Structures are given as C-alpha cells and as structure tokens.
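My entries follow the display.

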Amino acid sequence: MKNRPGKRVRIVDSTLRDGSHSISHQYTPEQVREITRGLDAAGVEIIEISHGDGLGGSSIQYGFDRTPDEEKLRIAASVVTNSKIAVLLLPGIGTKEDLMMAYEHGARVARIATHVTEANISEQHIGIAKKKGMEVLCFLMMAHMAPVETVVEQALFMQAYGADGVYVVDSAGALLPGEVRQRVGALVDSLDVQVGFHAHNNLGLGVGNSLAALEEGAALLDGSLRGMGAGAGNAMTEALVAVLQKAGYETGIDLNKLMDVGEQVVKPLMLRPQEIDNASLILGYAGVYSSFLLHTQRAAEKFGLDPRDILLELGRRHTVGGQEDSILDVEAELSEKRQRSIDNPVNTSVI
C-alpha cells in the first residue's frame, strides 16, 4: 500500500463538467451558482466547470450548452471563496483562445486531455497554461486501450511538457481494480509529479477503483455529486468522500454539507436516476467512451435498434472520443443487416 490512512487526498468535483452529459449540457446560470457555492462551502478543493466535452465542446457534434462556458466560469468565480476553478480542454476541440478565455474568467487549473496514445498533442496547451501560472493536470483518456508500458510512456511526455499531474482516466468505465492498480502504480513509480484517477461507474466500480488507485499512490481523485456523468456516471463524490474518511484518509471536506448540496440542489435537476442500466453496463463491458451513451440511445430509438448491439460493435471497432459519427455508420450497417434478414429469411424447417 503506497498511500496510508492519514494522508491528505485532493478531491476534484466534476458535477459541472462531466455531470452535464447526463442533462444534455443544460445547466442554468442559477444551478451553476448554487452547485458551485455548495461545493465551495463543503470544502471541495477543485471544482471543474465546462461543457461535458471540454472548452469549445458546445456544438452540433457534441450538443449545445444552455449556458456558455464563459458565463458559467464568471458565475463560479463570483461565488467561490476557497475552491479553485478548473476547466477541461481536449486539443482539437478546445483552442488556445478558449484556454485564455477560461483564465480571464477565473479558472486556475487546466485539465488537458488526450487519448491515451496521443500525449504529444498536449504540449502547446500545457505550455500556454503554465505561462499563465495555472496548475496543469493532464488526462490520458480511455486508459484501458493501452498496455501499462504505453501509459507510462505517454505520461512521461506530459510530465516533460510541464504537467503538474497526470491522470489515468477510465473514460469507458472498463477497468477492473487490478488493472487500475497496475496503471496507477506504474505512474507513481515512474513520474515525479502527482498521479490522479478519474473513474466511470459503468461496471459499478467507480468508488472501488478510486480506492484502489489511492492505495497505489494516487494523490488526486475525481467524483461528481449524485454520481452525475457520462454513461452510468462518475464515482459519486459523496460516497467517495465517505469511504475515504471511513478508511482514515483526510479530504478537508465537510461530508454533511457535501451530501446536502447533492440532495437539495443536484438531485432535483436530474432528468433520470444515475444508474447502471443495460446500455451503460455494455459501455463498460465493451470498453466504449461513456459520452457515447446518449448519442447511441437516440440513434437506437430513431431506427428501432437495440443500443447494446450498437455499443458492442463500437467496442469491436475500438472507437474513441471524437468518433461519434461512427454511431451512425454502425446504425446504418445494423439496419441494413436487419432488413436483409427480413427480406431473405433463413428456412430452418426440416423436410
């Protein structure tokens, strides 16, 4: 065990970023204000705020924000007294201008995210954020898709570019606890900077995997209130903090205040319970990017398909974030296959 009870753990809450996936990015200004105020009062160190797919994500491709990122950041900056505001940026979706805008509106932590094999595209944005004096925490997304050696190699690139921390990101909620331990432990042994872990709950392992990461030396853990997030959601911040405190770790968070903002502010705005339904379970089983869930469900409903069939095929094709158009390709092929079976039924009768 590389971390022992008594150690301080840094918690990042992603309700106002990853959580927006589950409400189609429709946070109102007042909801942003109340959630930020509640997290700040509870003692959460870092509050992540942006479109679910990061700065610049508001689009036809990913879904339009009801409240623009700059307004959300401005509101959050006006109410925080202790928490730091973070933003997510995926190079190719967000731009350096988006990053500068975020800094001007109060963001002081930049989370630069790439696919697990593409750390090289993060260098420019890491450099820009560092020049502004921001803390830079980098994401290696879809970490289940690469062997441990590759995860280490890519993390070392990010460290060399100036990152203050590197995350193992289980974007598909596909990692098992042993796989989390291998990846996080290898980064802790290989890097001089902090290591973090971002969980998704598609296999029901969000909090358990986070605890496994902590025990291997992770210093940063992510969660979201009521577990809001893409797919079956993230590790539930309230449950994560309760488990950590029960295990003897320090978080600096008032658990009762945290639970209250989840129960009184977040729960009423949720469109559906954040649960592991059939489709979200298949996300984790097949290793598909969690934010594909709502896009897949819409396509399945429109064309009368089982979303599980679409997700399994996407998993077989090893699709990654940014390839949402693949959903329509798979839908078209499955629809055509279904029609052929109707037009040319196989005769199984025995003569």
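Helices here are DSSP runs of H or I with at least four residues, and strands are runs of E with at least two, numbered from the N terminus. The two side chains form a salt bridge, with the closest N and O atoms 3.1 Å apart. I took a salt bridge as a side-chain nitrogen of Lys or Arg within 4 Å of a carboxyl oxygen of Asp or Glu. Both Lys72 and Asp69 are buried (under 20% relative accessible area; exposed is over 50%, partly exposed in between; 1.4 Å probe, protein chains only).

I noted the basis of these entries: the model is predicted, local features need pLDDT of at least 70, side-chain atom pairs count only at pLDDT 80 or more, and totals for chains, interfaces and linings use all residues. Residues are numbered from 1 along each chain as its sequence is written, and side-chain values use heavy atoms, leaving out hydrogens and water.

I next looked up Glu135 and Arg10, whose side chains meet in a salt bridge at 2.8 Å, N to O. Because Glu135 belongs to strand β5 (residues 135–141) and Arg10 to strand β1 (residues 10–13), this pair ties together parts 125 residues apart in sequence. Glu135 and Arg10 are both buried.

I then recorded the salt bridge between Lys130 and Asp164 (3.0 Å, N to O). Lys130 is partly exposed, at 33% relative accessible area, and Asp164 is partly exposed at 23%.

The structure holds 22 salt bridges.
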